[in-house]
Amino acid sequence: MRARILPALALLGLMTACAEGPHLEGSVTSLLDLSYESAEALANEEEVSVRFITLQGSGENTILKVAARLDELTLTPGVKIDLAELLGETPESPQRGAVSRSVLDEPQREFPRLLRGGLTFDQALTPQSKVTGDFHVTFVNGTDVYSGRTIFGRFEATVP
């Protein structure tokens, strides 16, 4: 019996190792595959973002994009951006952060508003460099399939 178990365990280990690679975590992973091949960080005067990308044919899929508006905010390495911050005085005001996804042959996804979330870049976004950081989001409770769910992860992203 032992002779049959060891090869089975070895095969299981190989199969699990093949599935490893960069991926995001959280309760949304039971609904969406959040594995990616590379990450890209971008910043301009209006917005900073990190995109998690996979290649498909001659194009690419944005598995997840976490963006933050920079209205009245200076991007500072090591300082967390509050993604759930309201940019107005009413509860319906736009939020600083947004999460989106754009995958070929998949319907456009609208994620719920953020209950809480943060995005941090450990270094300045210098062109032609790599930057590390992390993010976390929790969506508000409600009737949407993603309501109350989470996504989080650490990343190393290329700055084009």
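Are phenylalanine 111 and phenylalanine 139 buried or exposed? Both residues are buried, a term that stands for under 20% relative accessible area, with exposed meaning over 50% and partly exposed the range in between (1.4 Å probe, protein chains only). The model examined here is predicted, with local features requiring pLDDT of at least 70 and side-chain atom pairs counted only at pLDDT 80 or more, whereas totals for chains, interfaces and linings use all residues. Residues are numbered from 1 along each chain as its sequence is written, and side-chain values use heavy atoms, with hydrogens and water left out.

Aromatic contacts were considered next. A pair of aromatic rings is described by the distance of the centres and the angle of the planes. Rings of Phe, Tyr and Trp (its six-membered ring) were paired if their centres lie within 6.5 Å, with planes under 30 degrees apart counted as stacked, over 60 as edge-to-face and the rest as tilted; by this rule there are six aromatic pairs. One of them is formed by phenylalanine 111 and phenylalanine 139, which are stacked at 5.4 Å centre to centre with 10 degrees between the planes. This pair links distant parts of the chain, since phenylalanine 111 lies in the loop between β5 and β6 (114-121) and phenylalanine 139 in strand β7 (residues 129-139), 28 residues apart; strands (E, at least two residues) and helices (H or I, at least four) are DSSP runs, numbered from the N terminus. The ring of phenylalanine 111 also pairs with that of tyrosine 146, and because the centres are 5.0 Å apart and the planes at 45 degrees, this pair is tilted. Tyrosine 146 lies in the loop between β7 and β8 (150-159), so its pairing with phenylalanine 111 ties together parts that are 35 residues apart in sequence. Tyrosine 146, like phenylalanine 111, is buried. One aromatic cluster is formed by Tyr36, Phe52, Phe121, Phe135 and Phe155.

Phe111 also belongs to the lining of the largest pocket, where Gly97, Ala98, Val99, Phe111 and Pro112 lie nearest the centre among 13 lining residues. On a 1 Å grid over the protein atoms alone, a pocket is an open set of points where a 1.4 Å probe fits, with protein on both sides within 12 Å along at least five of seven lines, and lining residues have an atom within 4 Å of a point. The space in this pocket is about 170 Å³, and strand β5 (residues 97-102) supplies the largest share of its lining, four residues.

Strand β6 is mostly covered, with six of its eight residues buried. Two bridges join β6 to strand β4 (residues 81-82) in an antiparallel arrangement, and leucine 119 of β6 stands opposite isoleucine 81. With β7, β6 pairs in the antiparallel sense over seven bridges, and phenylalanine 121 has glycine 133 in β7 as its bridge partner.

The structure holds eight salt bridges, each a side-chain nitrogen of Lys or Arg within 4 Å of a carboxyl oxygen of Asp or Glu. Among them, arginine 154 contacts aspartate 122, with the closest N and O atoms 2.8 Å apart; arginine 154 lies in strand β8 and aspartate 122 in the loop between β6 and β7, 32 residues apart. Aspartate 122 is partly exposed, at a relative accessible area of 31%. Arginine 154 also forms a salt bridge with aspartate 134, with a closest N to O distance of 3.3 Å.

How values were computed
Grid points are joined across faces, edges and corners, and a volume is the space filled by probe spheres set on the points. Two strands pair if DSSP finds at least two bridges between them.
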